[in-house]
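Student: I have a structure to read and I am new to this. Can we go through it feature by feature?

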Amino acid sequence: MVNKKKKWRGFQEFLYILPFLIIVAIFSYYPLYGWVYAFFDYKPPKPLSMDLFVGFKWFKTMVENPVKVKQILGVLRNTFAISGLSLLFSWFPMIFAVFLNEIKCVPFKKFVQTVTTIPNFISWVLVFSIAYSVFSSTGVINSILMELGVTTEPIMFLKSAEHVYFKQWLWLTWKNAGWAAIMYIAAITGIDEELTEAARVDGANRMQIIRHITIPSILPTYFVIVMLNLANFLTNGMEQFYVFANSFNKEYIQVLDLYVYNLAMGSGGYSLSVAISILKTVVSIVLLTATNKFSKLVRGEGFI
């Protein structure tokens, strides 16, 4: 009787998550059928037929064609630079959450959290509109600088290849830092208050509590997020770089996802773009497996 109840309870719990499994299957696994295009010389909107089958031609092109090799190496350089910069400063949302939690004025704290979280819900098109209004040749910053006599000609902040990686990291941080801090704030609220009270009794000040209690307590959350970022190292997204790209910075702003999109939209590059996407997926799975094993070695448990 007890076993039947357990089985029925397990079946009910499975039904709870079944809609989400169906959604994942439809939007994450079903599109993998499109991988077949990597083995054909496909050009939309022609129907797919075995006459167009070319086997591993597009995979070989990536290493045999010098032009493609040079392009892919440049794209990987951009991808690694931007992802590496994001990984290097991955501690910023954690520190931001720590100091945000230290704000004692509740209305001001909520105001700061709201203001820093809202940009996450703004599309990159709107972000670029803001950037254009502020940093274009006729934007606010250039108008102020020219009126103050700091410069006689507009500074091309957006139409420049200088410091492209750092600029894109700043926009990404501005957009996502508040949202990323939410996870750390949740982790901070889970810290046992008896620890902080005992520290205060022993004479610890706020900075000492942060250093010896708060940060060590949320480090496991930080490590999990870092490892997930490592697993997605080749995934930068393309929306941000698509809207900020122009003829002046294209060489440095074109990351792997944007390169795949440009190939797919260009003439004759659809099958090659799918082949590159397949390799990217394989590398991401390898990175995910490696970081999970590393997590087990270091922390004693994995995240999957």
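Student: Where is the place of I95?

Tutor: First, a word on the source: this is a predicted model, in which local features need pLDDT of at least 70, side-chain atom pairs count only at pLDDT 80 or more, and totals for chains, interfaces and linings use all residues. Residues are numbered from 1 along each chain as its sequence is written, and side-chain values use heavy atoms, with hydrogens and water left out. Next, the term: helices (H or I, at least four residues) and strands (E, at least two) are DSSP runs, numbered from the N terminus. Now the case: I95 sits in helix α4, residues 92–101.

Student: Is I95 buried, exposed or partly exposed?

Tutor: Learn the cut-offs. Buried means under 20% relative accessible area, exposed means over 50%, and partly exposed is in between (1.4 Å probe, protein chains only). I95 has a relative accessible area of 24%, so I95 is partly exposed.

Student: How far apart are the C-alpha atoms of I95 and I210?

Tutor: They are separated by 9.9 Å. Along the chain, I95 and I210 are 115 residues apart. I182 and G266 are 84 residues apart in sequence, and their C-alpha atoms are 40 Å apart in space.

Student: Where is I182, and what is I182 in contact with?

Tutor: I182 belongs to helix α8. Its relative accessible area is 33%, which makes I182 partly exposed. Contact means heavy atoms within 4.5 Å. Leave aside the neighbours within four places in sequence, and I182 is in contact with Q113 and T117.

Student: How do I check the span of helix α8?

Tutor: The expected span of a helix is 1.5 Å times one less than its number of residues. Helix α8 (residues 164–189) has 26 residues, so it should span 38 Å. Its end C-alpha atoms are 37 Å apart, which agrees.

Student: Where is the kink in α8 centred?

Tutor: The bend at a residue is the angle between axes fitted to the seven residues ending there and the seven starting there. In α8 there is a kink of about 50°, centred on N176.

Student: What should I look for in the phi of H163?

Tutor: Start with the general idea. Most residues other than glycine have a negative phi. H163 has a positive value, near 55°, and is not a glycine. H163 is in the loop between α7 (140–147) and α8. At 59% relative accessible area, H163 is exposed.

Student: T151 lies in the loop between α7 and α8 too. Is T151 buried or exposed?

Tutor: T151 counts as buried, at 17% relative accessibility. Apart from neighbours within four places in sequence, T151 is in contact with L145 and M146.

Student: How many salt bridges does a search of the whole structure find?

Tutor: A salt bridge is a side-chain nitrogen of Lys or Arg within 4 Å of a carboxyl oxygen of Asp or Glu. The search finds four. One of them joins E13 and R9, at 3.4 Å from N to O.

Student: How are E13 and R9 placed in helix α1?

Tutor: Recall the helix rule. An α-helix has 3.6 residues a turn, so residues three or four places apart point the same way. E13 and R9 are four residues apart in helix α1 (residues 2–29), and therefore about one helical turn separates them. E13 is partly exposed at 39%, and R9 is partly exposed at 44%.

Student: Which residue does E197 form a salt bridge with?

Tutor: E197 pairs with R200, and the closest N and O atoms are 3.3 Å apart. Both lie in helix α9 (residues 193–201), three residues apart, about one turn of the helix.

Student: What does the salt bridge of K280 and D257 tie together?

Tutor: The N to O distance is 2.4 Å. K280 lies in helix α14 (residues 270–299) and D257 in helix α13 (residues 256–265), so the pair ties together parts that are 23 residues apart in sequence. K280 is buried, at 15%. D257 is buried as well, at 14%.

Student: How many residues of α13 are buried?

Tutor: Seven of its 10 residues are buried, so α13 is mostly covered. Among them are L256, Y259 and L263.
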